[in-house]
Structures are given as structure tokens and as C-alpha cells.
Amino acid sequence: MAIREPIFVVGSGRSGTTLVHNFFSIHPELCWFSNYSNRFVGVKRTPYIHRVFDLPLVGITAKRGIFSKKKIFIKPSEAQSIYHDYCGFKHSIKTTEMDLNVELEERYKDVIENHLSFTGKERFFNKQTANTQRIRLIDSMFDDAYYIHIIRDGRAVANSLLNVNWWNDTDIWWLGEKAAEWERRGKPAIELCGLHWQRDVQEILENKILFEDRYIEVRYEDFVEDVRGTMDR
């Protein structure tokens, strides 16, 4: 299956990218990495179970399960294992087209083609927060890729980051250390949260000229206010 015009949701963490990812995942023409295909990345036929979404009645339950907190359902995934363990993407530093290598590209495209083939879908859709600092690398592999940039009020993002249990262990790609190191130096955690949002958004805005009409910005607040209208756009 040829990879044609893949779609990537990008944006700072805690900006609503997961919510948008989940909404798009029920589109009948899109396939994506799931919690199951991420866990069993070495089993090529795993994406075949995604076809449950196309079944009468059962498919409706499966789609509702995407928005459930229960882990037993098939759900869209950021696919850390696929990206970092299987393909070899680096998540703790910025990477560009200069870091592209044959093995990484072949592995990444192979797993996407495998998902397209076994799900029977036409296009690939994905959200991975770390793609923000590797957006030039992604674009060097797919010159026809589309990008949906979710931008949320930085104050809300900073507040949200400060209240998740994984923040201290987060690799700050532009700083070269984990968030916990910042606090050990006696600096305010909320300051780092705000700076991290700023750098994430800035990285995408500085490169969006490369994507021309393959790029769209969506304000999280607009999305919440008018879900259907924003999705139509």
C-alpha cells in the first residue's frame, strides 16, 4: 500500500492534540497506530484487528471505546515503542532532515504501509508529541504530508503540564535535560512549563513556510467552542 498524503497532528503537549487525534480516528478512510499495534509492533498482522471499527453495531461500540478510560479497547496511540524502539527516532533532542538515515526511513514507512494494508484504509493519520521537534525530519520523508497544528493558550498548557505526574521525567528537547533538573537548580517549575510551550509552538511556526498549503492552524479554544464546525474546516 502506497503512503499517500499522510496527516500529522502536531503541537505542544497538553494542547488538545490527543482529543483531535481521537476525533479523527473514527474517520472511515484513516488508519493510525493503536495501543495494540504499538505493543505488538513485531507482529505484522496486528493492525488487522482495527477492522472491528468497520463492523456493523460492533464498530459503533469500538468507536465509543476510543473515548473511554478503559484500557481494553483499541485506541489511537502515540506509539512510543514504534517510534523510538522499532524505528529509532530520538525523542530527547531536535532532529532535522540532516539526521535522516535509510534504516529509520525504511522501518517507519514499512510499519505505516503495513497498517494501511491490513486495515484497508486509504490514508495514514498520526499524533506524536515529539514530532514537534522532528517536524523537518518527518517532512523530508513525506513531501506530500499534511499538518494540523493545535495551538492552545500557553497559560492553560503550562498549568496542565504542572499537574501531570510525568512532567518531571520529561526530556526537554531544547534544554538538553529533564524537567526535574530545572527544579533542582531552584528555578520555578511553572516558568519551564511556559518556556516549553513557547519553544514547541515556535518550532512549528518557524517551519510552516516549508509546508505551504499542506498546513493548517487550529485554536484549541475554537475547537471546544465549535467541534463540528472546526472539524469540517
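How many residues apart in helix 5 are Arg 107 and Glu 103, and what separation in helical turns does that give? They are 4 residues apart, which means that about one helical turn separates Arg 107 from Glu 103. The model is predicted.

**Salt bridges**

- The structure holds 17 salt bridges.
- One of them pairs Asp 110 with Lys 44, with the closest N and O atoms 3.1 Å apart. This pair links distant parts of the chain, since Asp 110 is in helix 5 (residues 102–119) and Lys 44 is in the loop between helix 2 and helix 3, 66 residues apart.
- Both partners are partly exposed: Asp 110 has a relative accessibility of 30%, and Lys 44 has a relative accessible area of 45%.
- Arg 107 and Glu 103 also meet through their side chains in a salt bridge, at 3.4 Å from N to O. Arg 107 counts as partly exposed because its relative accessibility is 29%.
- As background, residues three or four places apart in an α-helix point the same way, because the helix has 3.6 residues a turn.
- Another salt bridge joins the side chains of Glu 177 and Arg 185, at 2.7 Å from N to O. With a relative accessible area of 45%, Arg 185 is partly exposed.
- A network of salt bridges links Arg 4, Glu 5, Glu 122 and Arg 123.
- In general, side chains of opposite charge can pair when their charged atoms come close.

**A buried threonine in a loop**

- Thr 132 sits in the loop between strand 3 (123–127) and helix 6 (135–141).
- Thr 132 counts as buried because its relative accessibility is 0%, and the cut-off for buried is under 20%.
- The side chain of Thr 132 reaches the backbone oxygen of Gly 11 at 3.3 Å.
- Leaving aside residues up to four places away in sequence, Thr 132 touches Val 10, Gly 11, Asp 200, Glu 203 and Ile 204.

**The buried side of helix 7**

- Helix 7 spans residues 154–162, and its buried residues are Gly 154, Val 157, Ala 158, Ser 160 and Leu 161. They lie on the same side of helix 7 because they cover an arc of only 165 degrees around the axis.
- Helix 9 (189–207) is included in what covers the buried residues of helix 7.

**A nonpolar surface patch**

- Leu 55, Leu 57, Val 58 and Ile 60 make a nonpolar surface patch of about 390 Å².
- Leu 55 belongs to the loop between helix 2 (35–39) and helix 3 (58–66).
- Leu 55 counts as partly exposed because its relative accessibility is 44%.

**A residue of helix 10**

- Val 224 is part of helix 10 (residues 220–225).
- Val 224 counts as partly exposed, at 47% relative accessibility.
- Val 224 and Leu 19 are 205 residues apart in sequence, while their C-alpha atoms are 9.9 Å apart in space.

Conventions: Residues are numbered from 1 along each chain as its sequence is written. This is a predicted model: local features need pLDDT of at least 70, side-chain atom pairs count only at pLDDT 80 or more; totals for chains, interfaces and linings use all residues. Side-chain values use heavy atoms; hydrogens and water are left out. Patches are made of residues with over 30% relative accessible area and no salt bridge: like charges are joined within 9 Å, nonpolar side chains (Val, Leu, Ile, Met, Phe, Trp, Tyr) within 5 Å. Accessible areas come from the Shrake-Rupley method with a 1.4 Å probe; for residues, only the protein chains shown count as cover. A salt bridge is a side-chain nitrogen of Lys or Arg within 4 Å of a carboxyl oxygen of Asp or Glu. Helices (H or I, at least four residues) and strands (E, at least two) are DSSP runs, numbered from the N terminus. Buried means under 20% relative accessible area, exposed over 50%, partly exposed in between (1.4 Å probe, protein chains only). The arc is that of the directions from the helix axis to the C-beta atoms. Contact means heavy atoms within 4.5 Å. A polar contact is a pair of N or O atoms within 3.5 Å; within protein, one must be able to donate a hydrogen and the other to accept it, and residues adjacent in sequence count only if both atoms are side-chain atoms.
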